[in-house]
Amino acid sequence: PQNAYPFEWVALVDLGDQVRLLGYDAGEVTVEADGRAYLPLTLYWQNLRPLDANYRQYLKLINGVYHIWGQQEGYPLWDGFMTSTWQKGVVIRDDRQMEILPGTPPGVYQVTVNWLNPYSGRSLQPDGGGGLLLGPFDIPPRPPPTIESLGIEHPMTAELNGQVRFLGY
């Protein structure tokens, strides 16, 4: 059947009785010349009633065992449209570029989405509990990262039986 919505993936998930994820679009993973990679996501939110606080979004790229391979946080619309100002029924198109950590193995991943009031610690949960998962997303292979791009806080080198090189901690 034809999707009647202006986005690729229909979600229709309510976070409490406050905000609804209508759906999302996901672009192809882009790899920059310096090796950094990004997963472009566009989230479509609808306010179900006026929000009492400014909620931050926390997005995490996870594998099947919930190991985090990328994350991003911020207010919707890149901090440009605080949620306490949203009017009932308004639809927000929120474009995101989630950086994928260097060394992320190719494979299938999902993105968790959490809304949190950073002052009270209160989070908005999907009706019925559980988390809000988007995906699956295919992360393609890419060249191994340079040692410099790993941002090792305490670099040091040690050879382990000529088979493994320790780079630091």
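**Q72 and the overall build of a predicted model**

User: Is Q72 buried or exposed?

Analyst: The relative accessibility of Q72 is 12%. Buried means under 20% relative accessible area, exposed over 50% and partly exposed in between, with a 1.4 Å probe and protein chains only. Because its value is 12%, Q72 counts as buried.

This is a predicted model, in which local features need pLDDT of at least 70 and side-chain atom pairs count only at pLDDT 80 or more, while totals for chains, interfaces and linings use all residues. Residues are numbered from 1 along each chain as its sequence is written, and side-chain values use heavy atoms, with hydrogens and water left out.

User: In which strand is Q72 found?

Analyst: Strands are DSSP runs of E with at least two residues, and helices are runs of H or I with at least four, numbered from the N terminus. The run that holds Q72 covers residues 68-74. Q72 is therefore in strand β6.

User: Which backbone oxygen does the side chain of Q72 reach?

Analyst: The side chain of Q72 comes to 2.9 Å from a backbone oxygen. That oxygen belongs to Q97.

User: What share of the contacts with a separation of 6 or more joins residues 24 or more positions apart?

Analyst: A contact means heavy atoms within 4.5 Å. Among contacts in the protein with a separation of 6 or more, the share from residues 24 or more positions apart is 60%.

Technical notes:
A polar contact is a pair of N or O atoms within 3.5 Å; within protein, one must be able to donate a hydrogen and the other to accept it, and residues adjacent in sequence count only if both atoms are side-chain atoms.
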